[in-house]
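Trainee: I have the model open and want to talk through its side chains. Can we start with the charged ones?

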Amino acid sequence: MTKNTHEYEYKNLQKNAPLLGYDRNIPYEKWRLQVREKLTELLGLPLETCDPCLTVESRERAEDRTEIRFTVQTEPGYIVPCWLYIPAGVKSAPLTICLSGHGGGMQVAAGKPKNDMDRAALESWHHRAMGPRAVREGRCALIVEARSFGEASLEGYGTSCTEAAKIAMLMGRTTIGERVWDVMRILDAVLDTFPEVERENIVCTGNSGGGTATYYLACMDERIAAAAPCCSVCTYEASIAAMPHCLCNHIPGIRKYFEMGDLACLIAPRKLVVAAGEKDDIFPIDGVRETYARTRQIYTAAGAPENCAMVVGALGHLNYADLLWEKLHEMGI
């Protein structure tokens, strides 16, 4: 017995197994279809489709790439700013989608600091510049401004997730679902507009909130050939439910049906590399390892155990790009 509400709710979560959790005794494909249908519903998808109205705002040459700044309408009246980097000297190249986490905005992932805070972020951990890194891998880079981050935030810099996420939930939507929808519609527009971007071998990566969006995007969009989420894939019990997290990480009702590892069935047999920090205090390593153990079971059931991997950095909540790309190369990306 307890009168502590938080303690009561957490114990209630712990004692209730997810209703659609992986069970090897249930036919795999039947279960997978149930998982996809329920996750689509919980994310609040689909949203309303519309003309993308892709508008190129600038096109400039840099030392190793062409940089294209553009916008896309992803649902009626909502415009998303983006960057597309194309490696110099190539007719076409495969694409890496780079999704930012909480911070100043997409300019950090683009390697375009706006102020001293951005410069300090890039100097302290250069792997945050995911776009330039993708170019060094010989790939195009699509950098997307996530809802409530950067230019999409209340102040035009930083984050303001809680305000928008609360309104979305009142409407049966979720911020995660909206971010996934945005990238799917932007990818449609990019593939239709820029012949330099190849349609095959698309990679998506991101750290923290960007890793969360990466994981759910790969669940919902089979064009993603390889997902490389960092410091974001963990049991809900050990992370989202166990400590304060931004409201944009929450999907109402999801733990009633799944743990995060169960959703790997929507990515398998495509490639998945999960990165984690040994000392990450908001996505604890034990919860990551538990999630990955479930992921391995599911990939084995899907007949592709070689297509999933886990890499662990020695530090905390950071983007371990070197480890991710090394493993992706080992897997043929």
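Trainee: Is Glu 222 buried or exposed?

Mentor: Glu 222 counts as exposed, because its relative accessibility is 52%. Exposed means over 50% relative accessible area, buried under 20%, and partly exposed in between, with a 1.4 Å probe and protein chains only. Keep in mind that this is a predicted model, where local features need pLDDT of at least 70 and side-chain atom pairs pLDDT 80 or more, while totals for chains, interfaces and linings use all residues. Residues are numbered from 1 along each chain as its sequence is written, and side-chain values use heavy atoms, leaving out hydrogens and water.

Trainee: What does Glu 222 form a salt bridge with?

Mentor: Its partner is Arg 32, with the closest N and O atoms 3.7 Å apart. A salt bridge here is a side-chain nitrogen of Lys or Arg within 4 Å of a carboxyl oxygen of Asp or Glu. Glu 222 sits in the loop between helix H8 (209-220) and strand S7 (224-230), and Arg 32 in helix H2, so the pair ties together parts 190 residues apart in sequence. Helices (H or I, at least four residues) and strands (E, at least two) are DSSP runs numbered from the N terminus.

Trainee: And Arg 32, buried or exposed?

Mentor: Arg 32 is buried, because its relative accessibility is 14%.

Trainee: How many salt bridges does the structure hold?

Mentor: There are 25. One of them joins Lys 38 and Glu 41, at 3.1 Å from N to O. Both residues are in helix H2, three residues apart, which is about one turn of the helix. Lys 38 is buried, at 16% relative accessible area.

Trainee: Switching to the nonpolar side. How many residues are in the largest nonpolar core?

Mentor: It has 92 residues, and those with the most contacts inside it include Leu 39, Leu 84 and Tyr 216. Helix H7 (residues 175-193) gives the most to this core, with 10 residues. A core is a set of buried Ala, Val, Leu, Ile, Met, Phe, Trp, Tyr and Cys residues joined through side-chain atoms within 4.5 Å.

Trainee: Which residues is Tyr 216 in contact with, neighbours in sequence aside?

Mentor: Beyond four places in sequence, its contacts include Leu 39, Ile 176, Tyr 236 and Leu 263. Contact means heavy atoms within 4.5 Å. Apart from that core lies another, of 11 residues, among them Trp 83 and Cys 98.

Trainee: Last topic, rings. How many aromatic pairs are there?

Mentor: The count is six. Rings of Phe, Tyr and Trp (its six-membered ring) pair if their centres lie within 6.5 Å; planes under 30 degrees apart are stacked, over 60 edge-to-face, and the rest tilted. Tyr 28 and Trp 31 have ring centres 5.9 Å apart and planes at 55°, so that pair is tilted. The two are three residues apart in helix H2 (residues 28-43), separated by about one helical turn.

Trainee: Is Trp 31 buried or exposed?

Mentor: Trp 31 is buried, at 1% relative accessible area. Ring pairs also link Tyr 22, Tyr 28 and Trp 31 into a cluster.
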